[in-house]
Amino acid sequence: MNPVLANALLNFEPGIVIWIGITFVIFLLALRKFAWGPVLAALEKREKSIQESLDSAEKAMKRAEEISRNNDEALRKAEVEAQRLRKEAKEEAEKIRVDIIEKSRSEAEAVKQQILATIEQEKQKAMLELRSHVAELALEAASKILNAELDEKRNKKLVDDFIDGISKN
Amino acid sequence: MNKFVRTAFLLLFALLYVTPTTVIAQDEERNYGDIDVIAKLGDRYYIEFEPLPKLYLPRILISEGFHFFGSTKSAMNSGLFQDQFYVENPQAFVAGESGPVTYKLVRTDGTPVTLDLSISKHILWFWLAGFLTLFIFGRMARKYEAGIGRETAPKGAGMNFAEVLIVYLRDEVVKANIGEEKYMKFAPYLLSCFFMILFMNLFGLAPWGQTPTSDISVTAALAITTFFMVNLNGTKDYWKHVFAMPGIPKFMLIIMIPVEVLGLFTKPFALAVRLFANMLSGKMLILSMLGMIFVFAGLYGAGLGLASALLWVPFTLFIYALKVFAAFLQAYIFTMFSALFIGMALEDHSHHDEHHHAETAAAH
């Protein structure tokens with residue numbers, strides 16, 4: 001092989017370096033303007049929008065979670081409140097029941113007392129009436145039987161004494 | 001298969017020991033056709049799509065004035081310039097008949113020209129790579145501008161594949177080395193580097209194709225661009241590291257400054273040589289492998305040459321596949337190191353030890 005020919009593979013040509021250097025810079029500028037600029041911007045924008053939608057989805061998820069947690073808490077609170085109310089109502093009712101019973105009992109007692117007093121009164125009245133009546137009847141009967149043999153005044157005294165004896169006994 | 005390969009190999013090497021002088025004597029008269037391997041590998045001032053005739057490229061020479069010739073031959077016939085081969089071997093030159101051999105033009109008296117600004121084959125293929133990148137990604141950009149891929153998912157295999165590469169380079173190469181804030185400034189340069197080098201590397205694998213990156217001049221131009229990208233964007237800290245390395249005794253600077261300044265130039269030099277040597281060697285290996293068929297045909301006759309092709313062609317295919325991989329790998333490595341160097345130049349606060357380790361590791 002010709003050594004000059006083989007040497008050509010390692011030749012450093014300044015002319016080629018100049019051409020490539022200049023045209024490479026032109027290609028770089030053109031590529032930046034027409035290719036990479038729009039492509040990179042579009043990629044960036046798409047990634048941003050994806051990230052944004054992911055973020056907003058996460059935010060919405062968090063909010064939903066919070067809401068559901070709040071709901072749970074409210075529900076639990078309401079339940080506790082309801083329980084408390086029920087208990088209170090029950091206690092109140094019990095108290096009212098006891099009160100009513102107490103009251104009715106005392107009222108009944110009063111009525112009973114009143115009735116007993118009335119009965120006593122009536123009894124006394126009846127007793128008095130009966131006494132006078134019995135005395136009259138006895139007097140009448142005795143007078144009828146004895147036919148005025150005795151002095152009315154003495155008889156009456158006799159009978160009264162008798163009756164007094166009875167009532168006292 | 002394994003057994004077959006081994007047997008074939010043994011047979012071929014056994015044949016090399018049997019010096020077939022008689023066969024060579026018989027074959028001396030025969031001409032198997034001339035294949036100029038160096039012309040396929042090196043730079044030339046013509047383009048060729050066989051079996052179409054060569055299309056000679058114009059020569060632009062600066063030597064005591066500006067000279068323009070339609071082709072190398074017309075430059076030789078002008079009497080002002082001569083192919084270097086004929087300067088060294090004047091007896092081989094037949095005026096008006098002899099064509100160019102090395103295509104390296106010197107003045108007729110043998111002194112070199114001041115500057116050879118001719119458009120060569122490699123420059124043309126470089127431009128092709130540039131226009132191809134511009135065409136592919138410009139179209140892609142228009143698609144993005146129309147809304148496909150911007151608001152919706154990207155459409156089509158090409159767009160998806162390109163996007164995978166772009167996003168990978170942007171995230172793993174540019175952002176990883178340069179950082180989130182400044183990446184937009186350097187991503188276009190590094191992406192252009194990657195795709196143009198990739199296309200140039202792959203051109204050589206196509207029929208009639210040439211690999212401009214197998215030319216040291218081309219890779220040097222690329223590396224010089226990286227050199228400027230690095231040093232024009234260097235921060236104060238970067239220059240301080242070069243000229244006043246912090247944390248070492250003052251008298252050591254006498255040694256450190258030359259080393260660091262040398263380091264500025266070895267980095268792009270390594271970039272250029274790595275890419276050029278990888279690309280050239282791959283192509284050379286493929287041509288050598290296929291050349292073995294002709295060597296065997298020359299030594300043992302056409303029949304055995306043809307038979308040995310059964311061995312060399314699969315080998316070549318294997319190397320070819322390896323070269324496809326290397327085309328991607330070398331484009332990636334060039335981009336990766338460019339990004340690394342730019343990232344190092346941009347570093348603001350000094351992590352002295354880390355920085356220095358990264359630098360030495362990258363230089364190797």
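**View 1. In this predicted model, helices H9 and H11 of chain B cross with a right-handed sense.** H9(B) covers residues 216–232, and H11(B) covers residues 253–300. H9(B) contributes B:Ile216, B:Thr219, B:Ala220, B:Ala223, B:Ile224, B:Thr226, B:Phe227 and B:Asn231 to the contact. From H11(B) come B:Leu264, B:Pro268, B:Phe269, B:Leu271, B:Ala272, B:Leu275 and B:Phe276. Twelve of the contact residues are nonpolar and three are polar. None is charged.

**View 2. B:Pro154 sits in a loop between two helices of chain B.** The loop runs between helix H6 (121–145) and helix H7 (157–178). B:Pro154 counts as buried because 21 other C-beta atoms lie within 10 Å, and the cut-off is 20 or more. Leaving out residues up to four places away in sequence, B:Pro154 touches B:Ile148, B:Gly149, B:Met159, B:Asn160 and B:Glu163. B:Lys143 is eleven residues from B:Pro154 in sequence. The C-alpha atoms of B:Lys143 and B:Pro154 are 9.1 Å apart.

**View 3. Helix H2 of chain A runs from residue 14 to residue 146 and has a kink.** The kink is about 50° and is centred on A:Arg32. H2(A) has 133 residues, so at 1.5 Å a residue it should span 198 Å. The C-alpha atoms at its ends are 186 Å apart, which agrees. Of the 133 residues, 13 are buried, so H2(A) lies largely in the open.

**View 4. Chain A and chain B meet through 34 residues of chain A and 46 residues of chain B.** On the side of chain A that touches chain B, helix H1 (3–7) and H2 are the elements that give two or more residues. H2(A) supplies the largest share of that side, 26 residues. By class, the side of chain A that touches chain B has 26 nonpolar, four polar and four charged residues.

**View 5. Helix H12 of chain B bends at B:Leu310.** The bend is about 35°. A proline, B:Pro314, follows within four residues. H12(B) spans residues 302–346, which is 45 residues. From first C-alpha to last, H12(B) reaches 61 Å. That is close to the 66 Å expected at 1.5 Å a residue.

Definitions and conventions. Residues numbered from 1 in each chain as written. Chains lettered and ligands numbered in written order. Predicted model: local features only at pLDDT ≥ 70, side-chain atom pairs only at ≥ 80, totals over all residues. Axes fitted to C-alpha atoms, helices over the stretch in contact; angles between N-to-C directions. Left-handed = near helix turned anticlockwise from the far one by under 90°. Contact = placed C-beta atoms within 7 Å. Nonpolar A, V, L, I, M, F, W, Y, C, P; charged D, E, K, R; others polar. Buried ≥ 20, exposed ≤ 12 C-beta atoms within 10 Å, placed from the backbone. Expected span 1.5 Å × (residues − 1). Bend = angle between axes of the 7 residues up to and from the residue.
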